[in-house]
Amino acid sequence: MELTSTAPHLTRDRLAADLAEATGRIAPLWPLESFVAVNPYFGLADHTYPQAARLLARAIGARSTLSADAYRAAADSGLIEPRDIEAALRASGRTHTSAEEVLALVDATSEMPAPRLRTYVDVASAATGRDWARLRTDRVSAWAAAHHDHGQALWRSTEPGLGPFASWKREASLDRTPEIMGLKGFRTTVRELPDDHLDAAAVALDALGIGSDEVVPYVHALLLRVAGWAAFVRRIAWDAGLVGATDDSPEQFAAVLLGWELGVLHATDDPVVAAEWGRASAELSSEGVVSVADASLDLLLVLQDAYDRAAQRRFLATLAAAPAPAPSTAPTRPAAQAVFCIDVRSEVMRRHLEASTTGVETLGFAGFFGLPLAHLPLAHEHAVAQCPVLL
């Protein structure tokens, strides 16, 4: 019998938008053959730094600041001055607090763990002493490696043409590992899920009791629990968008994780787990996650702003005090010219070369522009693109 959702707020259009918003918070990750550095805050570019720090602290317990001790040490050494803290306080709107009060508060601040949104698998793992979270990550990763294989996995998916959710459902309906590990009836739960990933996500969210305003933060927290693969499928959708196409692999991957939540929910019919989940689900609303840890994070964010302002102030003072450059004595025509890529790795070599002699002129070039080439090795049928990484 196929499971269905009875929650009126989980309409397809609203759910599709919520899953897209949650998956959009994940920065895409490219494979090693075309890897390029990605800002981990890329998916939160529409948030301010404090907003992103609070969101990540709640979702996964991530820290986006230094420790309280580090800021106190910076203040004691003079790296941060009272005027820097006062400027940061004004920027944050906390005009009723003084720099002295902030430093007194930081002395009283212990290293509190950031508030963390607990998923059902988190709660069941803690309440039962069984690491269902690790099992979930292990099985999802094994499936994803087989499904997205490009000739590297030891065990490929038998039907790579299936969509991610359909592929996972077919495999998880047969995989006995979760049941051997103690999740009774897991395969039955998976088989009874709807074939459509949005319908399946609605069923899981309904069973978990996730409200309409809680879907985005809950799904985002789930994706961060398996962040590597979440970023991998996010890149698939990103690539599709570059050519004007659409790809819902991230949303289907989110449905896979929600399917695991439902499977563990059905397999852990325990009053202790149920009671703890009741407490955790009550904390899902933003009003329910106000704690000492939140106040501590707000204080640290003010101090981080003060730390940045102090660094900017010192840098500007250094520039203002720098002597005017001496007239160049280099010949009109340099003895040699060297061209370096304009990145931080090449900059070190370029500056040392210039410092060693006045007869060498260095130039900068965007090496990652390069030339798009294809290399066909001897006795191979298919060429390998050797394009600049940004292409």
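A residue is called buried when its relative accessible area is under 20%, exposed when over 50%, and partly exposed in between, with a 1.4 Å probe and protein chains only. The model is a predicted one, in which local features need pLDDT of at least 70 and side-chain atom pairs count only at pLDDT 80 or more, while totals for chains, interfaces and linings use all residues. Residues are numbered from 1 along each chain as its sequence is written, and side-chain values use heavy atoms, with hydrogens and water left out.

The aromatic side chains come first. A pair of aromatic rings is described by the distance of the centres and the angle of the planes. Rings of Phe, Tyr and Trp (for Trp, the six-membered ring) pair if their centres lie within 6.5 Å; planes under 30 degrees apart count as stacked, over 60 as edge-to-face, and the rest as tilted. The count of aromatic pairs by this rule is nine. In one of them, Tyr71 and Tyr307, the centres are 6.1 Å apart and the planes stand at 75°, so this pair is edge-to-face. Tyr71 belongs to helix α3 (residues 68-77) and Tyr307 to helix α16 (residues 292-321), so the pair links distant parts of the chain, 236 residues apart. Helices here are DSSP runs (H or I, at least four residues), as are strands (E, at least two), and both are numbered from the N terminus. Tyr71 is buried, at a relative accessible area of 1%, whereas Tyr307 is partly exposed, at 29%.

Phe186 and Trp260 form a tilted pair, because their ring centres are 4.5 Å apart and their planes meet at 45°. Since Phe186 lies in helix α10 (residues 186-192) and Trp260 in helix α14 (residues 249-267), the pair ties together parts that are 74 residues apart in sequence. Phe186 is buried at 1% relative accessibility, and Trp260 is buried at 2%. Elsewhere, ring pairs link Trp30, Phe42 and Trp238 into a cluster.

Trp260 also takes part in a contact between helices, where α14 meets α6. The axes of helix α6 (residues 120-128) and α14 come within 9 Å and cross at roughly 35°; axes are lines fitted to C-alpha atoms, for helices over the stretch in contact, and angles run from 0 to 180 degrees between N-to-C directions. Contact means heavy atoms within 4.5 Å. On the α6 side the contact is made by Tyr120, Val121 and Ala124, and on the α14 side by Trp260, Glu261, Val264 and Leu265.

Another residue of a helix is Val203, in α11 (residues 197-208). Val203 is buried, with a relative accessible area of 6%. Not counting residues up to four places away in sequence, Val203 touches Leu3, Thr4, Ser5, Leu193, Pro194 and Leu262.

Ala317 is partly exposed at 46% relative accessibility.

Ala379 lies between β3 (373-375) and β4 (384-386). Ala379 is exposed, with a relative accessible area of 81%. Most residues other than glycine have a negative phi. Phi of Ala379 is near 70°, a positive value in a residue other than glycine.
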